[in-house]
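This report walks through a protein model for a reader who meets it here in its sequence and three-dimensional form.

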Amino acid sequence: MTDLTPREIVHELVLTAPADVHVDAGDTSWYTYFLLHAREGSCTGTEIGCAYYYGDPVSLNLSLAAGTYYFFVDGEDSYEYGSYELNVDTFTPVTGNDTCGTALALTADGLYGGDNTSMTNTADPSTCASSSSG
């Protein structure tokens, strides 16, 4: 009897504060289907994301609370396996920086993100956008 049990490897991410997380698996030697999925709290915890693809890359974008998360790189069947690279970027979303007086200071290195949903318009991108309202 042929064993069709998928092969997987597990990565643990511990966040001490809420963060937006981007995880992608790529540069694979796999020529078959593979999955990237995430669980919260334990290896058997609630699944919080899944990406499934033939080839590469696959990615997940998650907004996570402080806690422990497990990311699995997994084959669909036993013959789906190989090498891969896993890229993880975490950043704390920023809000409230919608004026020059409250601007976020950038450093030489870093990954930044935010959400401008509740921000105001303080500068018009008249030479950059099709609308002068910003």
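## Strands and their partners

Strand β1, which spans residues 8–15, pairs with β6 in the antiparallel sense, and 8 bridges hold this pairing. Within it, His11 has Phe71 of β6 as its bridge partner. The model described here is a predicted one. Strand β6 itself covers residues 67–75, and it is mostly covered, since 7 of its 9 residues are buried.

Seen as a whole, the protein has 7 strands and 0 helices, so that, by the way such elements are assigned as DSSP runs and numbered from the N terminus, the pattern along the sequence reads β-β-β-β-β-β-β. Of the 134 residues of the protein, 27% count as buried. Among contacts between residues at least 6 apart in sequence, 64% join residues that are at least 24 apart.

## The open sheet of three strands

A further group of strands, 3 in number, forms an open sheet in the order β5-β2-β7, with antiparallel pairing. Because β5 (58–64) and β7 (85–91) stand at the edges and each has a single partner strand, one side of each is left without a neighbour in the sheet. From one strand to the next, the twist averages 15°.

Strand β2, made of residues 19–26, runs antiparallel to β5 and is joined to β5 by 7 bridges. Two of the positions that face each other across this pairing can be named: Ala19 stands opposite Leu64 in β5, and Asp24 stands opposite Ser59 in β5.

In a regular strand the side chains alternate between the two faces of the sheet. Strand β5 has a covered face with Val58, Leu60, Leu62 and Leu64, while its uncovered face carries Ser59, Asn61 and Ser63.

Which side chain of opposite charge is nearest to the buried Asp24? Asp24, which lies in strand β2, has Arg39 as its nearest side chain of opposite charge, but Arg39 is 20 Å away, and Asp24 has no salt bridge. The side chain of Asp24 does make a polar contact of 2.9 Å with the side chain of His22. Leaving aside residues up to four places away in sequence, Asp24 touches Leu36, Val58, Ser59, Glu85, Leu86 and Asn87.

Asp20 is also found in strand β2. Asp20 is buried and without a salt bridge, and the nearest side chain of opposite charge, again Arg39, is 21 Å away. A polar contact of 2.7 Å links the side chain of Asp20 to the side chain of Ser63, a residue listed on the uncovered face of β5.

## The salt bridge and its surroundings

How many salt bridges does the structure hold? The structure holds 1 salt bridge, and this bridge is formed by Glu47 and Arg39, whose closest N and O atoms are 4.0 Å apart.

| Residue | Relative accessibility | Class |
|---|---|---|
| Glu47 | 41% | partly exposed |
| Arg39 | 22% | partly exposed |
| Thr68 | 23% | partly exposed |

Because partly exposed refers to the range between the buried limit of 20% and the exposed limit of 50%, Glu47 at 41% falls into that class.

Apart from residues up to four places away in sequence, Thr68 touches Glu12, Leu13, Val14, Arg39, Glu40 and Gly41.

Where does Gly41 sit? Gly41 has its place in the loop between β3 (33–40) and β4 (47–54). Gly41 and Tyr69 are 28 residues apart in sequence, yet the distance between them in space is 5.7 Å, C-alpha to C-alpha.

Terms used. Residues numbered from 1 in each chain as written. Predicted model: local features only at pLDDT ≥ 70, side-chain atom pairs only at ≥ 80, totals over all residues. Heavy atoms only, no water. Pairing = 2+ DSSP bridges. Helix = DSSP H or I, 4+ residues; strand = E, 2+ residues; numbered from the N terminus. Axes fitted to C-alpha atoms, helices over the stretch in contact; angles between N-to-C directions. Buried < 20%, exposed > 50% of the residue type's maximum accessible area, 1.4 Å probe, protein only. Lys, Arg positive; Asp, Glu negative; His and termini not counted. Polar contact = N/O pair within 3.5 Å; in protein donor to acceptor, adjacent residues only side chain to side chain. Contact = heavy atoms within 4.5 Å.
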